[in-house]
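The following note reviews one protein model for a reader who is new to structural description.

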Amino acid sequence: MPTTSHIRLPARRALLRGPAAAAGTVACAVGIAFGVAPSTVPFGRLIVVAFLVSAPALAIARLLPSLRAAVAVLVGIGGAVSVNAVVAQSMLSTNTWSPRGGVVAVGAIAALLWLAPRPERRVLDTTTGGVQ
């Protein structure tokens, strides 16, 4: 069995997808739990705010087939702000606003974005000048 030092970089990333997905799922569950359940934990609201920004941002960044992760994360943060604004505006305009409902709605949208199929990364073929 080859060691991880002999595995190519994309294969290493594939090895980390499972634990990263598990950690993201746990973080989202904790964020939703703190947002929905009444808690007296002093840092509970901070965890909820981190969830409201990070869950949609990571889901959107995952959908961007960018070579640079920093660009994808910045676009994801902008998308997360947009998702939060649309959820808040929609709930306020229909007179159904509640902080718990907002957390659940943002969590559901982030989950749907995360489950969306990831686009293929196209590689530029330098020998023919086209996209492979």
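**Notes on the model**

1. The second largest pocket holds about 270 Å³ of space. A pocket is defined on a 1 Å grid over the protein atoms alone, as an open set of points where a 1.4 Å probe fits, with protein on both sides within 12 Å along at least five of seven lines. Grid points are joined across faces, edges and corners, and the volume is the space filled by probe spheres set on the points.

2. The model is a predicted one, in which local features need pLDDT of at least 70 and side-chain atom pairs count only at pLDDT 80 or more, while totals for chains, interfaces and linings use all residues. Residues are numbered from 1 along each chain as its sequence is written, and side-chain values use heavy atoms, with hydrogens and water left out.

3. Residues that line the second largest pocket include Phe34, Val41, Arg45, Val48, Pro99 and Val103; a lining residue has an atom within 4 Å of a point. Helix H1 (9–36), helix H2 (44–63) and helix H4 (99–115) each give at least two residues to this lining. By type, the lining has 7 nonpolar, 3 polar and 2 charged residues. Here Ala, Val, Leu, Ile, Met, Phe, Trp, Tyr, Cys and Pro count as nonpolar, Asp, Glu, Lys and Arg as charged, and the others, Gly among them, as polar.

4. The protein chain has 4 helices and 2 strands, arranged along the sequence as α-α-α-α-β-β. Helices (H or I, at least four residues) and strands (E, at least two) are DSSP runs, numbered from the N terminus. Of the 132 residues in the protein chain, 20% are buried, where buried means under 20% relative accessible area, exposed over 50%, and partly exposed in between (1.4 Å probe, protein chains only).

5. The largest nonpolar core comprises 11 residues, among them Val48, Phe51, Leu52, Val83, Val87 and Val106. Two or more residues of this core come from each of H2, helix H3 (69–93) and H4, and H2 provides the largest share, 5 residues. Such a core is a set of buried Ala, Val, Leu, Ile, Met, Phe, Trp, Tyr and Cys residues joined through side-chain atoms within 4.5 Å.

6. Which residues does Val106 contact, leaving aside its neighbours within four places in sequence? They are Leu52, Pro56, Asn84 and Val87, contact meaning heavy atoms within 4.5 Å.

7. The buried residues of H3 include Ala72, Gly76, Gly79, Ala80 and Val83, and the buried residues of this helix pack against H2 and H4. An α-helix has 3.6 residues a turn, so residues three or four places apart point the same way. The expected span of a helix is 1.5 Å times one less than its number of residues. For the 25 residues of H3 this gives 36 Å, which agrees with end C-alpha atoms 36 Å apart.

8. Leu58 belongs to helix H2. Is Leu58 buried or exposed? Leu58 is exposed, because its relative accessible area is 51%. From Leu58 to Gly79 the C-alpha distance is 9.7 Å, and the two are 21 residues apart in sequence.

9. Asn95 lies in the loop between H3 and H4. Although Asn95 is not a glycine, its phi is positive, at about 55°. Asn95 counts as exposed because its relative accessible area is 72%.
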